[in-house]
Amino acid sequence: MTRHQPSRRLHRAASKLSAVVMLFYFSAFLLLGLKDFAWQAFALALAVPAMIWLGTNFLPRLFPADTLLLSLTNFLCALGVLVLYDTNPTYAYHQAVYYAVGLVAMVCCVWGVRAVRRWGPAVFMLLPVSLALLVLPLIYGKETYGATNWIYIGNLSAQPSELVKVSLILIVSYFMSRRLFIPWLLFAVACLGILMLQRDLGTALLYYGVTLLLYFASSGNLLMTGVGLVGGAGAAVLGYRMFAHVKKRVALWRNPWADYENAGYQIVQGLMALASGGLIGVGLGLGSPRTIPVYHTDYIFAVICEQFGLIFGLCVLAMYLAILWRGSTIAMAARHAFHGLVAMGATLMIGLQTFVIIGGVIKLIPLTGVTMPFVSYGGSSLLSSMALIGLIQGVASINEDDLREDLRLATDGEEAFE
Amino acid sequence: MKDELYTVLALGMRYWFTLLGVLIVWRAFHWLRRDRHEKHRRLRQLPDAGMVGEFVSLNDAGDMTVDDTLPVPREGVLGKLYSCDVPVLCDGVAKYHLDLVYEDGLGLRVKPRRGLTCRINGEELTRAGAARNGVLVHGDVLQVGDAALRLRLFAGLKFRRPARKGAESRGRERTADEPMTPASGWQPSRYDGFSDPAWGENPADAFRDGGEAPQKKRKSGAKGVKSARSAKNSEGGERA
């Protein structure tokens, strides 16, 4: 039996990918630096590639990491910093700090998934904490862009629903892996009810979609999943009839040009940015991304397409697809139902969120108030996205341990009977 | 830098960034593909990856014949459907009959689904009693419906044999590669209601005096695969 050794070809593939990514950011920040001869841009031209190199080569030494996931995550996070620096350097500095905090959150999630053996107590502790976090904005929050989903503590603000995404996946996966239907259903319904009260319909859509897809992944029951889909569609119709702002959003989605100077301004500006970028973009540092309202969060994809072009925009989409592919593979290779569902849930959350926001920007679906994972400005969003990647990484590292254990058993078995 | 000069530079760099973007995507998918090949290569070297042992059929029941083997995963469901992790296609087995979870250092924990039962070494096991008594170790016999299955754990896995009446080894940690003879402290599992002329009144008798297992034509079950590890285990049993 051949002992498994890390493949040199894979190691070369990893090095080549990070080299290209480092070259991209070095040249991008250098170009931005030449615009105003700002020393900060030159510093970032060195710091960002160094961080990418460290993240891809050093972090895997601390914990068994899936290096491809790390590389793609680092690329997308750095893309957010780059685009934000181009439009508003203050946002870029904040985003860099959030990225560092997000890395810590990712490592904590990896360690948590590996270290925790009995998830029962942890889940029963997370349940009330998650519900309490979700309720906080209703008590202490302020309305922002039509939804009461933010809490403000001094100069700091946070969006609890972003953080509860992680605990939702853990709680739902735990109960589903034990085939306990009622607890996860009650929890999901409670979360959805609170989000509806907050009028955060975008996050409610994510919670509902991920829970339904996880149910299908755990049970394979197509009939009940179909019932859930129909129920979700019915709830959407009910929401359309009940909430005036939902009617407005749908009307704008159908024809933003009808009121393009007021309510439809954001959608129109986004579409014009997408179109003006063409295939290869208007050029980094050129164009007028700041004419798009909320360009740094909801419409950052439009800014990317304007600056770098549609081909690059498709490349960004392809990277999300690669993350989804990788996450699904890791989930299906998991030996325990709970780990598989956690990895699948985290992957689905990232995928669904990406679909919802990019679909809204390109007017495929009505716009909702969710952010683009890893790229959009925002501490809560980046933190939760990195935590989700941490969950996937944790399951990937457990899979590697299990394979090594199989190899050991196979080798011991041979030796026992020689 | 002058705006005109910067504009020219930025317009030229568009092609560079687009090229790099495409290159990054190509490299990422190339890596995905290579990793998939690498994983398949590793799994080909480890045909029993993810499995902790196998069930060996001790009787003819339904589609199963004697000596059919069914791989046992670390975690799974035993039932009548082909989609189950351990499909047992015979009468008396429900679609999803029981859940199996291998616990390191303990053995294979068995939990029948609601309203269903099984037998471990002749003793009936219900869902309520599974927490206390529902652990299978190497050599134990599981009776589900008309099927009788003996568990073989792969060599190197540790388990704790539960104390039985009159047993010399009381809860001693064993490994699955220890020979199954009284000299080594192993006690045959005694149970009622099962006998196979080929194996004697108690299948363990075949190994008690160092005898050989009866030669039966080996067939693979619905998912059974004759693996290198299980072949080594059976040789170990015969040698004992």
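Predicted model: local features only at pLDDT ≥ 70, side-chain atom pairs only at ≥ 80, totals over all residues.
Residues are numbered from 1 along each chain as its sequence is written, chains are lettered from A and ligands numbered from 1 in the order in which they are written, and side-chain values use heavy atoms, without hydrogens and water.

Colouring chain B by burial next, you will find that 52% of its 240 residues are buried (under 20% relative accessible area; exposed is over 50%, partly exposed in between, with a 1.4 Å probe and protein chains only).

Switch to a cartoon of chain B, which has 4 helices and 13 strands (DSSP runs numbered from the N terminus: helices H or I of at least four residues, strands E of at least two). Its open sheet of 6 strands runs S2-S1-S11-S10-S7-S8 with antiparallel pairing (pairing requires at least two DSSP bridges), and the edges are strand S2 (69-73) and strand S8 (123-125) of chain B, each pairing on one side only.

Within that sheet, select residues 141-144 and 147-153 of chain B, strands S10 and S11, which pair in the antiparallel sense over 4 bridges; here B:Gln143 stands opposite B:Ala148 of S11.

Finally, move to chain A and select A:Val189 in helix H8 (residues 181-198), which counts as exposed because its relative accessibility is 51%.
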